[in-house]
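Hello,

The sequence and structure we spoke about are below. My notes on what was found follow, grouped by topic.

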Amino acid sequence: MGMTITEKIMAKQSGRDKVVPGELVWVDVESVMTMDYLGKTCFDKFRSLGKTEVFDKSKVICVSDHLVPPPNQKFATMLNEWREVVKKHDIEYFYDLGRQGIAHQIMVEQGHVLPGTISIGTDSHANTYGAAGAVGNAVGVTDAAVAMATGKAWFRIPEAVKFHITGEWQPWVMAKDLSLHIMGMMHWNGHLIYKTLEFTGPAIESLDMAGRMTLCNMTVDLGAKNGIIAPDQITADYLKDVAKGDWEMINSDEDARYEAVYEIDVTDLVPTVALPDKLDDTVTVDQLKGTKFNKAFVGTCTNGRLEDLAMLAKILKDKQIHRDVNMIVVPASQTVYLDALRAGHIETLIMAGAAVDTPSCAACAGIHTGVAGDGDIVLSAGNRNMKGRMGSKNAQIYLTSPAVVAASAITGEITDPRTISI
Amino acid sequence: MVYVYGDNIDTDRIIPGKYTKTLDLSTLADHVLEDLDPGFSKSVQPGDIIVAGKNFGCGSSREQAPLALKQSGVSVIIAEDFARIFFRNAINIGLAVLEIGKHDIQLGSQVEYDLSTGIVKDLTQDREYPATKLPQIMIDILEEGGLVPYLNKHKQYKLA
């Protein structure tokens with residue numbers, strides 16, 4: 001019997017010919033990522049193992065994303081301690097304020113994640129790396145510290161579930177809608193916990209890297225161990241100028257075993273929204289027609305890429321954001337920001353009345369750049385809507401795609417982007 | 001004392017993100033579960049047990065979530081099942097976790113557990129729940145108080 005892509009990568013990186021679900025393996029990691037607010041703790045833990053040199057200075061990737069630019073003295077001081085510890089360990093790739101981006105965007109965009117390899121990061125959305133045909137996994141600081149010391153991490157080989165996606169993507173329907181649709185379909189009922197989710201089919205093959213990253217990003221919120229898409233020409237074209245090492249295009253065997261296979265036809269998919277507090281409580285956008293909100297947010301490792309900003313600009317071109325809505329847009333990295341600026345999107349957004357801020361996790365981490373206060377109703381293209389996620393626990397967060405946020409920002413009410421004229 | 005909570009207790013409810021942006025981990029236990037159960041951090045005693053439903057610890061990868069619970073004195077989390085990052089973080093920092101599937105354990109019940117056999121006993125209702133057995137290496141890591149103390153003592157580990 002054959003193996004899935006995740007099993008093949010785990011076998012290769014653990015030096016075995018074959019692995020089966022349930023087995024524990026000790027794998028080589030390609031990159032280990034840590035960020036500003038946890039990084040100091042991570043390096044301290046690394047040193048408590050009696051180590052002073054990381055396993056490879058070009059494979060421990062350090063990113064400032066949660067705390068930058070520091071909104072207060074406490075964070076400024078934490079960032080100084082972080083910079084000191086990164087410098088002390090002579091880390092080659094340090095994406096600090098000025099060259100920053102959200103860690104997961106940086107990891108893929110800068111080629112630290114490569115097809116056929118395994119990378120880990122100390123933030124839950126490290127699942128994003130699956131978009132590059134890699135195993136991406138979120139870990140805590142202890143796992144990261146051990147990997148920084150040894151270049152290795154332990155994993156249990158996960159059972160696999162396949163989502164076979166067919167049909168034609170419809171105008172104004174985005175990968176985010178598919179993520180939210182799957183969230184509503186599968187729920188948090190435990191049967192995707194620890195699983196590897198594999199996305200296949202013609203509607204995945206036609207999806208750009210931005211969409212693939214959105215889809216893999218949110219697999220962590222389904223409870224999955226990782227989400228992965230087989231690498232193809234789109235992956236290779238994206239990586240060819242940025243890859244920091246060699247890679248191997250690994251794909252699932254035809255006779256690989258899946259615990260379940262779900263078929264979804266995107267031709268029927270419509271813009272989707274998750275209701276406040278629960279990610280798996282999703283509805284189609286038409287069911288919320290007329291729902292008022294006062295804050296709009298687009299950014300994050302889920303939807304802060306160039307293609308997302310292009311979608312906003314397409315809808316908001318020569319339009320005005322409703323006077324009762326404050327809209328904040330935060331590109332996912334400096335590269336995205338510059339590309340969006342050159343493409344004219346930033347100008348379009350500012351002309352429409354949106355505030356654009358420097359790349360960071362922003363309000364999605366609930367600590368700065370547009371946090372929610374009591375009574376706020378936020379329409380967000382981020383990834384989580386639990387109580388208190390963006391600040392006040394007395395705020396409500398609706399999650400949706402950039403297209404729905406843009407269309408709704410014009411009217412001040414949740415609006416189906418398919419009904420607006422551009 | 002046994003505290004019982006429901007499904008999908010996320011890491012923001014275990015320890016809100018705003019308290020995790022600090023390097024002083026000793027303050028975590030003061031805020032543990034504060035939105036879900038405001039009295040918890042005052043009443044919890046060393047050795048107390050948390051029993052929960054499905055997907056305990058979903059959300060962020062913050063290791064401070066199991067750490068805050070461990071620092072508060074909780075000895076074990078028994079749940080129907082766990083979010084995977086929480087599960088591995090808990091073992092890595094030395095907080096015992098047991099998955100027992102569907103159960104009917106009530107607040108304040110008398111509960112005993114044995115990591116080596118994986119048996120959870122509800123003495124109040126006289127029922128036994130066999131937990132998914134942890135691999136021996138994970139029991140060994142838990143007994144040493146976490147992965148870092150384990151590695152410092154044994155220098156390496158074998159997985160199976």
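**Aromatic pairs**

Over all chains, the count of aromatic pairs comes to 10. Please keep in mind throughout that this is a predicted model.

One of these pairs is B:Tyr3 with B:Phe40: the ring centres are 4.7 Å apart and the planes stand at 70°, over the 60 degrees required, so the pair is edge-to-face. B:Tyr3 belongs to strand β1 (residues 2–4) of chain B and B:Phe40 to helix α2 (residues 40–43) of chain B, so the pair ties together parts that are 37 residues apart in sequence. Both B:Tyr3 and B:Phe40 are buried.

In the pair formed by B:Phe82 and B:Phe87, the ring centres lie 5.9 Å apart with the planes at 55°, so this pair is tilted. B:Phe82 and B:Phe87 are both buried. They also belong to a cluster linked by ring pairs, together with A:Tyr194, B:Phe56 and B:Phe86.

**A:Tyr194**

The residue that chain A contributes to this cluster, A:Tyr194, has a further feature. Its phi is near 70°, a positive value in a residue other than glycine. Most residues other than glycine have a negative phi. A:Tyr194 is found in the loop between α6 (175–186) and β9 (196–200) of chain A. Its relative accessible area is 18%, under the 20% limit, so A:Tyr194 counts as buried.

**Charges over rings**

B:Arg88 has its charged end over the ring of A:Trp154, at 4.2 Å from the ring centre. Within chain A, A:Lys314 lies over the face of A:Trp172, and here the distance to the ring centre is 5.1 Å.

**The β5-β6-β7 sheet of chain B**

In chain B, 3 strands form an open sheet with antiparallel pairing, in the order β5-β6-β7. Its edge strands, each pairing on one side only, are β5 (111–114) and β7 (127–130) of chain B. On average, neighbouring strands of this sheet are turned by 15° against each other, direction ignored.

β5(B) pairs with β6 (residues 119–122) of chain B over 4 bridges, in the antiparallel sense. B:Glu112 has B:Lys121 in β6(B) as its bridge partner.

The loop between β6 and β7 of chain B holds B:Asp126. Phi of B:Asp126 is near 50°, again a positive value in a residue other than glycine. Is B:Asp126 buried or exposed? With a relative accessible area of 70%, over the 50% limit, B:Asp126 is exposed.

**Strand β5 of chain A**

Strand β5 (residues 118–121) of chain A is covered on both faces: A:Ile118 and A:Ile120 are buried on one side, A:Ser119 and A:Gly121 on the other. β5(A) pairs in the parallel sense with strand β2 (residues 31–35) of chain A, over 3 bridges. In that pairing A:Val32 stands opposite A:Ile120. β5(A) also pairs with strand β6 (residues 135–138) of chain A, in the parallel sense and over 4 bridges. There A:Gly121 stands opposite A:Ala138.

**Helix α14 of chain A**

Helix α14 (residues 402–411) of chain A is mostly covered, with 9 of its 10 residues buried. Among them are A:Val404, A:Val405 and A:Ile410. What do the buried residues of α14(A) pack against? Their partners in chain A are β14 (295–298), α10 (300–303), α11 (306–316), β15 (326–329) and β17. Just after α14(A) comes A:Gly412, with a positive phi of about 80°.

**A:Asp376**

A:Asp376 sits in the loop between β16 (355–356) and β17 (377–380) of chain A. Its relative accessibility is 9%, under the 20% limit, so A:Asp376 counts as buried. A polar atom of the A:Asp376 side chain lies 2.7 Å from the backbone nitrogen of A:Gly373. Not counting residues up to four places away in sequence, A:Asp376 touches residues including A:Asn294, A:Lys295, A:Val371 and A:Asn394. A:Asn394 is 18 residues from A:Asp376 along the chain, and their C-alpha atoms are separated by 7.6 Å.

**A cis peptide bond**

A:Val68 and A:Pro69 are joined by a cis peptide bond, with omega at about -20°. Most peptide bonds are trans. A:Pro69 is located in the loop between β3 (60–63) and α3 (73–88) of chain A.

Regards

Terms used: Residues are numbered from 1 along each chain as its sequence is written. Chains are lettered from A and ligands numbered from 1 in the order in which they are written. Side-chain values use heavy atoms; hydrogens and water are left out. Two strands pair if DSSP finds at least two bridges between them. Helices (H or I, at least four residues) and strands (E, at least two) are DSSP runs, numbered from the N terminus. Axes are lines fitted to C-alpha atoms, for helices over the stretch in contact, and angles run from 0 to 180 degrees between N-to-C directions. Rings of Phe, Tyr and Trp (its six-membered ring) pair if their centres lie within 6.5 Å; planes under 30 degrees apart count as stacked, over 60 as edge-to-face and the rest as tilted. Buried means under 20% relative accessible area, exposed over 50%, partly exposed in between (1.4 Å probe, protein chains only). A charge sits over a ring if NZ of Lys or CZ of Arg is within 6 Å of the ring centre and within 35 degrees of the ring normal. Contact means heavy atoms within 4.5 Å. A polar contact is a pair of N or O atoms within 3.5 Å; within protein, one must be able to donate a hydrogen and the other to accept it, and residues adjacent in sequence count only if both atoms are side-chain atoms.
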